[in-house]
Amino acid sequence: MTESTGLTDVLTPHVSKGPVPGAVGLVARGDRVEVAAVGHTDTEGTAPMARDSIFRIASITKPIVAAALMTLVEEGRIALDSPISHWLPELAAPNVVRDPAGPIEDVIPAARPVTVEDLLTFRAGWGFPSDFSLPAVQPLFALMDPHHPQRVPEPDTWLASLAGVPLLHQPGEFWLYNACSDIQGVLISRMTSHSLPDFLAERIFEPLGMVDTAFEVPAAKRERFTSCYVPTPDGGAELVDSPDGQWSGLPAFPSGAGGLVSTVDDWYAFARMLLDGGGSVLSADSVRLMTTDHLTAEQRAASGLFTEGEGWGFGGSVDVTRTHPYNVPGRYGWVGGTGTSAHLTPATGTVSVLMTQLGLGGPTPPQIMRDFWTYAAS
């Protein structure tokens, strides 16, 4: 593994001109791995960013949770076409709003049960469309708090609240963001009688040597834990969580949609597992399902600002076009709202992992990500 002058040159301008305090990037092309760490762990410059700095990875949690659910599918404990209601009876009889733009009270019964595959492909009917203002979307905001996980209720209470929210579309018809990964996490816990943190540790983190990936950061590791910021209207950065803040202990609700912390090397270990056909964690068939686009052309187009018209596998997007210089057909992965991204391209053996501590100002990836992805695709 080598330090990369080229990668440093890509990341440094975004840090030096602000407001990104620091960044760690990893680009692997086959056996050649480049790593660059620039800037600092906070805006005060308390400590330089390092290769093993720990970040709140937000939504690049999603592929990891999807892989964990697929281990249960492989064991025959659940099937892709299984209704989730057997384990999540609260969601056995959902209603669907008659008109997505209409009143939340005007509902009809779901035409069929929600299945495991619906959850994995984000087509269950719960989640966020491009238009956040729709009435049936509003209750979902109360069920998530990305920067303050300790405020979200424990899984049973969370699921009971979700059961009172009607679907925005019929199961299987429409791609909607985020909520399905949280439901996957609750499903895993119910099926296995283990907490999601314990199950992920046993089935994913320990086999892959992901030593810094978890839902909390113990005191012994907090000197490597970065502060977390959101952009301000004046182009600055506002602190929303410090190393001794919300991730100091396990949350009541471990979010399968975005609750993990990790490092670039830990996520790289997960990506290598997928590139290697699943290794000791998954079968090659499961990896293929995870990294294959399952959406129709109409569903891709409707996903809009989230995927920019790209496809969706299990837990992550799949490039199907060359809309941008960094789009490579078959590239799989996702971005995190805290300023992270992780992708792998099976056809080329390329992995790219970027971690910063400045959150996104919206669904559109910031320029530092786009420049990083372009470099990784070159």
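Which residues does Gln184 touch, not counting residues up to four places away in sequence? Let's start there: the partners are Val65, Ala66, Leu69, Leu119, Leu120 and Phe122, where contact means heavy atoms within 4.5 Å.

Quick note on what we're looking at. This is a predicted model, where local features need pLDDT of at least 70, side-chain atom pairs count only at pLDDT 80 or more, and totals for chains, interfaces and linings use all residues. Residues are numbered from 1 along each chain as its sequence is written, and side-chain values use heavy atoms, with hydrogens and water left out.

Okay, back to Gln184. You'll find Gln184 in helix α6, residues 179-192; helices (H or I, at least four residues) and strands (E, at least two) are DSSP runs, numbered from the N terminus. Gln184 counts as buried because its relative accessibility is 0%. Buried here means under 20% relative accessible area, with exposed over 50% and partly exposed in between, using a 1.4 Å probe and protein chains only. And Ile84, 100 residues apart from Gln184 in sequence, sits 9.5 Å from Gln184 in space, C-alpha to C-alpha.

Now, the cysteines. Cys180 has 0% relative accessibility, so Cys180 is buried. Cys228 comes in at 2%, so Cys228 is buried too.

On to the pockets. On a 1 Å grid over the protein atoms alone, a pocket is an open set of points where a 1.4 Å probe fits, with protein on both sides within 12 Å along at least five of seven lines, and lining residues have an atom within 4 Å of a point. Grid points are joined across faces, edges and corners, and a volume is the space filled by probe spheres set on the points.

The largest pocket holds about 1000 Å³. It is lined by 48 residues, and the closest to its centre are Ser59, Met144, Tyr177, Gly336 and Gly337. β12 gives the most to that lining, with three residues. By class, the lining has 24 nonpolar, 16 polar and eight charged residues. For those classes, Ala, Val, Leu, Ile, Met, Phe, Trp, Tyr, Cys and Pro are nonpolar, Asp, Glu, Lys and Arg are charged, and the others, Gly among them, are polar.

The second largest pocket holds about 260 Å³. Of its 19 lining residues, Ala201, Phe205, Val211, Thr213 and Ala214 are the closest to its centre. Helix α7, residues 196-208, supplies the largest share of that lining, five residues.
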